[in-house]
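These are my notes from going through one structure. I wrote down what I looked up, in the order in which I looked it up.

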Amino acid sequence: MTDQRSQAEIVRQSLKRRYRKERRFRAYGILAIAIALSALVVLFVDIIGKGYTGFTKTTITMEVELDGEMMYLDDATDKKQIKMADFVEPLLQALIRQVPGATEENRDAVRDLLNPYASNELRDMLEQNPEWLGTTQTLTVLAHTDVDVYVKHAGDDAYSIKLSDRQQRWVDQLVEKEVVQTSFNDVFFSSGDSRDPSRAGILGAIVGSLLTMLVTLVLSFPIGVAAAIYLEEFAPQNRLTDFIEVNINNLAAVPSIIFGLLGLAVFINLFGMPRSVPVVGGLVLTLMTLPTIIISSRAAIKSVPPSIREAAEGIGASKMQVVLHHVLPLAMPGMLTGSIIGMAQALGETAPLLLIGMVAFIVDVPDGFFDSATVLPVQVFLWAGSPELAFIERASAAIMVLLAFLVSMNALAIWLRKRLERRW
Amino acid sequence: MQPANLLLLTIVLSMVAYGLGYARSRSLAMPMGGIRHLKSLPFYYGARAALWCGIPALLVLGLWAAFQGKVIQTLIIGSLPQEMLPASEGEASLLLSKISNVASGSLPPGFAEAPIVEAAERLKALREQSRMFMTTLVVSVSVLAGFLGWLRVRPALNARTQVESILKWLFFACAALAILTTIGIIFSVAFETFRFFQKIPFTEFIFGSQWSPQTALRADQVAAQGAFGMIPLFTGTLLISAIAMLVAVPVGLLSAIYLSEYANKKVRGVVKPLLEMLAGIPTVVYGFFAALTVAPFISNFAASLGIDASSQSALAAGGVMGIMIIPFVSSLSDDVINAVPQTLRDGSLALGATQSETMKKVIFPAALPGIMGGVLLAVSRAIGETMIVVMAAGLAANLTANPLETVTTVTVQIVTLLTGDQEFDSAKTLAAFALGAMLFLATLLLNVVALKIVRKYREQYD
């Protein structure tokens, strides 16, 4: 009797300790989730903080006197004269008039506020409007990258300001007079890569990514679906089928860089295909995403209930008709969802593309499947490796664009699943 | 015609063949009293004609497009004068790129030797010829085969079974592509690896503790003789993967336990997709984060404590890699924990155990094999991860276990050796393939073992 009571006593006494342990265990779980989620938040905050300024550009707006004599130009429709003409001088004179205290002596210091490309901008404008010659126009041209960095990041220790003290004072005054302004960075979305951060854009990379993804989609979706149909519906139970399945499961877990080695050895060295073109990139990414698509398509086919098949067979459909007329349409939403997720993976993939030479510095926007190109994640990689912080800013902005693409693809997949998938 | 246009043309031709086959079957059936006298529906006669028209043409097109580049290259090299014949493959590729630059007009002919200019002209002519031949061949094959297919449309022909068996073979070919890919991987790495071991002895590669792949480009150059010992790369990879696992396994496992055992439906519905977002972020973004935010933070923090830390520490790369792997570990362990039968849970709780005791003493031991399988898969992923280490870990092959120092990994070396200019027979380039072979073998082994464990575990409770 006394023994039993002490047993109950022992249990009761240990309860407090056990509940404490219970609470501690639960706290560990919450802590783990908090760590994971805070990593996510820090990552996003860091990238947005580094990159949001990449979406603005710094421009100089001023009255420019387009004096023909100063520019050595008397007919703006003459291509030959346009080539020889001086487009720096009118911009420089206009800027000197805007900068208080600037004279002809310190023209070099003033010129360094203008983007080296500004004269090309003026040339293009004049070519389009030849009647401007001899008039005075209010024009907006790009500011120098150093000015851009100063306007956006003055006071930020991470950025080194390359402007001299005098130039900094000038820029401050110009900002006050609203000559130097920041606006939406259309250059970033409408041009290819450049050595000058203020002129570097992601259009080339986006087009390259689109071309590569198009090749990947056109190849991997039909092949993946066909392979899934074969394995689920037609494959006999034998060694060969087993071997195919083992292969697919293993390929799904092979590091992506190995596919890059495959592309380099087979497509480029064996077949002699050109380097750094979207077709080869698409082929490599196809081989990489195929296992994902096959696995998800098989799951979708499996989820179609056998009653559908039996009903179709019962009214005399052949096996192929059962599959193509009934199973496939019902499994299609699931297959599409899986494929979109596979494509999203392929869009963010970088490593295999480095090996097939898509890391080249390419200024032009690619105009075909056999044209040298780079893709968005590789562009991020290239800019992230630059010592110039202005490029890091561009890289963060490009990451945001990339993430926006990925989020919308995943949202599309979720929407498709909710909208079309039937639960049996 | 360009291959892409030719592809479109073939598709259009097949569509025409479909229409003709369809029409022929109908017109043959008409005098007999309607299509019910046909063996198959008109659709199948059309589809049969289209397949006859399309498949041989596409095969020809694919083979031609795949091999024309190599054939033209060989022809060009072979036609060069004796004294210009390249001695090595590296020279050959240099010469070829020069010739194609002249041919495309990006290198003015004045800057190249006369034989090169001639070769460039020949290259242009050959490309033109090849394109013409390909167009003629593909179009004639598709028209001829389509015509034959069309000719054989008869009411007694069972077009449906033929179409279905062709389709079945096509589906099989698509599935067999997985085997082809594996064979491709094995051959592409094995061949170059074999050539590498002809230059560098196998034992030196496996047991050498020095890695400096810089070899002299010319014989008279004063450069260090390359050293190809993979031990430092191997330990570096292991160090970074171990750090990643130290982050990912506890965090992933504990969050999976919390989500499956404690959290209510609402919390699960919010937290799970957020965790999965971590898996959807491209690795280049993690690399950017590790190289530009985490690594400087760690080295500054260590400096403020008076410790010397490298600006490309293994800790930064490994830690961020761990964050990337968290969702992988947590979703795999979630599956495994949910697969443990409810009866085990109920039995333990009925005996008066608390939830955490049930978890620690009943469910976890039962789920352990499955969790181990998941962890092995995660390790294989960490070993093969490339972008984070390329961006955040260094190039210096140090043999160290200090997480604050710079180490390099197998994947980093593959990327560094293979980006930029390369000649295909230097030990340096071949070394990348040897490393790739090691990486492939290691991950393959891990995956096979892990998948086996997971499958066995599933069978146990199914």
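**Entry 1, the contact between the chains.** I began with how chain A meets chain B: 77 residues from chain A and 79 residues from chain B take part in the contact. Contact here means heavy atoms within 4.5 Å. Before going on I noted that this is a predicted model, in which local features need pLDDT of at least 70 and side-chain atom pairs count only at pLDDT 80 or more, while totals for chains, interfaces and linings use all residues. I also noted that residues are numbered from 1 along each chain as its sequence is written, that chains are lettered from A and ligands numbered from 1 in the order in which they are written, and that side-chain values use heavy atoms, with hydrogens and water left out.

The size of an interface is often given as the accessible area lost when the parts come together. I looked that up next: about 6800 Å² is buried between chain A and chain B, and carbon and sulfur atoms give 79% of this. Buried area is the accessible area (1.4 Å probe) that two parts lose on being put together, summed over both.

How many salt bridges does the rule find across the interface of chain A and chain B? I found 1 salt bridge there. The rule asks for a side-chain nitrogen of Lys or Arg within 4 Å of a carboxyl oxygen of Asp or Glu. The partners are B:Glu357 and A:Arg18, with their closest N and O atoms 2.8 Å apart.

I then counted 13 residue pairs in polar contact between chain A and chain B, both residues being at pLDDT 80 or more. Helix H1 (residues 2-51) of chain A gives the most to the side of chain A that touches chain B, namely 22 residues. By type, that side of chain A holds 58 nonpolar, 12 polar and 7 charged residues. Ala, Val, Leu, Ile, Met, Phe, Trp, Tyr, Cys and Pro count as nonpolar, Asp, Glu, Lys and Arg as charged, and the others, Gly among them, as polar.

A polar contact is a pair of N or O atoms within 3.5 Å; within protein, one must be able to donate a hydrogen and the other to accept it, and residues adjacent in sequence count only if both atoms are side-chain atoms.

**Entry 3, chain A as a whole.** I listed 18 helices and 3 strands in chain A. These are DSSP runs numbered from the N terminus, helices being H or I with at least four residues and strands E with at least two. The C-alpha trace of chain A spans about 105 × 75 × 40 Å along its principal axes. Chain A has a radius of gyration of 31 Å, whereas a compact globule of 424 residues would have one near 22 Å. The radius is taken over C-alpha atoms, and the globule rule is 2.2 Å times the number of residues to the power 0.38.

Of the 424 residues of chain A, 54% count as buried. Buried means under 20% relative accessible area, exposed over 50%, and partly exposed in between (1.4 Å probe, protein chains only).

Over all chains, I found 21 salt bridges. One of them joins the side chains of A:Lys302 and A:Glu232 at 3.9 Å, N to O. A:Lys302 lies in helix H13 (residues 278-302) of chain A and A:Glu232 in helix H10 (residues 203-234), so the pair ties together parts that are 70 residues apart in sequence. A:Lys302 is exposed at 58% relative accessibility, whereas A:Glu232 is partly exposed at 21%.

A:Asp108 and A:Arg111 also meet in a salt bridge, at 3.5 Å. Both lie in helix H5 (residues 107-111) of chain A, 3 residues apart, about one turn of the helix. I also noted a network of salt bridges that links A:Asp148, A:Lys152, A:Glu393 and A:Arg394.

Is B:Ser40 buried or exposed? B:Ser40 is buried, with a relative accessible area of 7%. B:Ser40 sits in the loop between helix H1 (3-29) and helix H2 (42-79) of chain B. Its side chain reaches the backbone nitrogen of B:Ala159 at 3.1 Å and that of B:Arg160 at 3.0 Å.
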